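Welcome! Please have a look at the sequence and the 3D structure below, and then let us walk through some of the features together.

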Amino acid sequence: MTDLLAKPRFLGATRRQRLVNGLLLVLMLVLPLAAWYTGNPFWLDFATRVVILSMAAVSLNFILGYGGMVSFGHAAFFGLGAYAVGIPAHHDEYGGLLHVVLAIGVGALFGAITGAVSLRTRGVHFIMITMAFAQMVYFAIVSLEEYGGDDGLVINVRSELPLIDLESNLVLFLVCFASLLAILYLVFRLVHSRFGLVIQGAKDNEQRMKAIGFHVYWYRLAAYTISGAICAYAGAMLGNFTSFISPEMMNWTRSGELIFMVILGGAGTLFGPVLGTITFIVLEEVLSGFSVYWHLPFGILLIAVVLFARGGLIGLLHGRGPRQ
């Protein structure tokens, strides 16, 4: 174990895995652009939503898939990031850099404070306490009548960035897509660093990691804080995209959807949450048009993936085959 942690270990992806991952990203970029230039802006908006939710799912996967920390309150970071854009905009402060720094800072601070308490618990207790913290934030935002309360808050002007016009839906999509690439690279570097290996080692055998001298609690707290900051950034992008924010964004059901995306696509894989998000959003759009009970086939699909697919949907594409 000591030799394993001595230096970063880059798990080599097979040629098929690299091809699948690359093709997935190319399609996420090319198809919306093609739709935009052929006069179908709906698909560009659809893709922007997918990319933003993918960022949030990747942030959750960092602690859930690699660290074994099942957070059922991750949507709180998402909502806080959105309100970090909406509240300053309500006071006529549209500086994009301020919004981004504020969102990341608030997400990291909330993650550090709540994580310091939550990570002293394990299992179902950790799940429930993260949900409790998220619901506290949810009801706190609902009580802020100045910022719309339960009715939400309209953002009249998107964040203003130097040389970047986010009022253009095309530019916003490209910024979000570039952000997703940066986040994927960041998570890749973290996961395959000494820090990431400690997180993964603690997931597999916490006692052994403690026995060889690692303070697992502080590593997990750092990971939880980073995950919260990334998710809050995604929330800031969502606030700009929708131009409307509400406490509903941070309800516990939204956290459940993020967990669904991660598990569906493949927890503990880099591109699994992205594929899971795409599948989730596409199925939601299709099935909700047929019946109000569209959650039922969703649940059946999730059960099937957990029981029969090794590594989720991305595992099937990578050729791992079904569970035996």
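The bend at a residue is the angle between two axes, one fitted to the seven residues that end there and the other to the seven that start there. With that idea in hand, we can look at a kink in helix H3: the bend is about 25 degrees and is centred on Tyr83. Keep in mind that this is a predicted model.

**Helix H3**

- Helix H3 covers residues 75-90, which makes 16 residues.
- From its first C-alpha to its last, H3 reaches 22 Å, close to the 22 Å expected at 1.5 Å a residue.
- Is H3 mostly covered or mostly open? It is mostly covered, as 14 of its 16 residues are buried.
- After H3 comes Asp92, and the phi angle of Asp92 is positive, near 65 degrees.

**Ile155, a buried loop residue**

- You can find Ile155 in the loop between strand E1 (153-154) and helix H6 (169-191).
- Why does Ile155 count as buried? Buried means under 20% relative accessible area, and Ile155 has a relative accessibility of 3%.
- Which residues does Ile155 touch, leaving out those up to four places away in sequence? They are Val85, Gly86, Ala89, Gly239, Ser243, Phe244 and Ile245.
- Ile155 and Pro88 are 67 residues apart along the chain, and their C-alpha atoms are separated by 9.6 Å.

- Side chains of opposite charge can pair when their charged atoms come close.
- How many salt bridges does the structure hold? There are six.
- One of them joins the side chains of Glu284 and Arg49, with an N to O distance of 3.1 Å. Glu284 sits in helix H11 (residues 272-287) and Arg49 in helix H2 (residues 41-64), so this pair ties together parts that are 235 residues apart in sequence.
- Glu284 is buried, with a relative accessible area of 13%, whereas Arg49 is partly exposed at 25%.
- Arg49 also meets the side chain of Glu285 in a salt bridge, again with 3.1 Å from N to O. This pair links distant parts of the chain, with Arg49 in helix H2 and Glu285 in helix H11, 236 residues apart.
- Glu285 is partly exposed, and its relative accessible area is 37%.

- Lys210 forms a salt bridge with Glu206, and their closest N and O atoms are 3.1 Å apart.
- Where do these two partners lie? Both Lys210 and Glu206 are in helix H8 (residues 206-211), four residues apart, which is about one turn of the helix.
- An α-helix has 3.6 residues a turn, so residues three or four places apart point the same way.
- Lys210 is partly exposed, with a relative accessible area of 41%, while Glu206 counts as buried at 15% relative accessibility.
- Through salt bridges that share partners, Arg122, Glu206, Lys210 and Arg220 are joined into one network.

- Which residues make the nonpolar surface patch of about 400 Å²? They are Ile303, Val306, Leu307 and Phe308.
- Val306 lies in helix H12, which runs over residues 295-308.
- To belong to a patch, a residue needs over 30% relative accessible area, and Val306 is partly exposed at 43%.

Technical notes: Residues are numbered from 1 along each chain as its sequence is written. This is a predicted model: local features need pLDDT of at least 70, side-chain atom pairs count only at pLDDT 80 or more; totals for chains, interfaces and linings use all residues. Side-chain values use heavy atoms; hydrogens and water are left out. Patches are made of residues with over 30% relative accessible area and no salt bridge: like charges are joined within 9 Å, nonpolar side chains (Val, Leu, Ile, Met, Phe, Trp, Tyr) within 5 Å. Accessible areas come from the Shrake-Rupley method with a 1.4 Å probe; for residues, only the protein chains shown count as cover. A salt bridge is a side-chain nitrogen of Lys or Arg within 4 Å of a carboxyl oxygen of Asp or Glu. Helices (H or I, at least four residues) and strands (E, at least two) are DSSP runs, numbered from the N terminus. Buried means under 20% relative accessible area, exposed over 50%, partly exposed in between (1.4 Å probe, protein chains only). The expected span of a helix is 1.5 Å times one less than its number of residues. Contact means heavy atoms within 4.5 Å.
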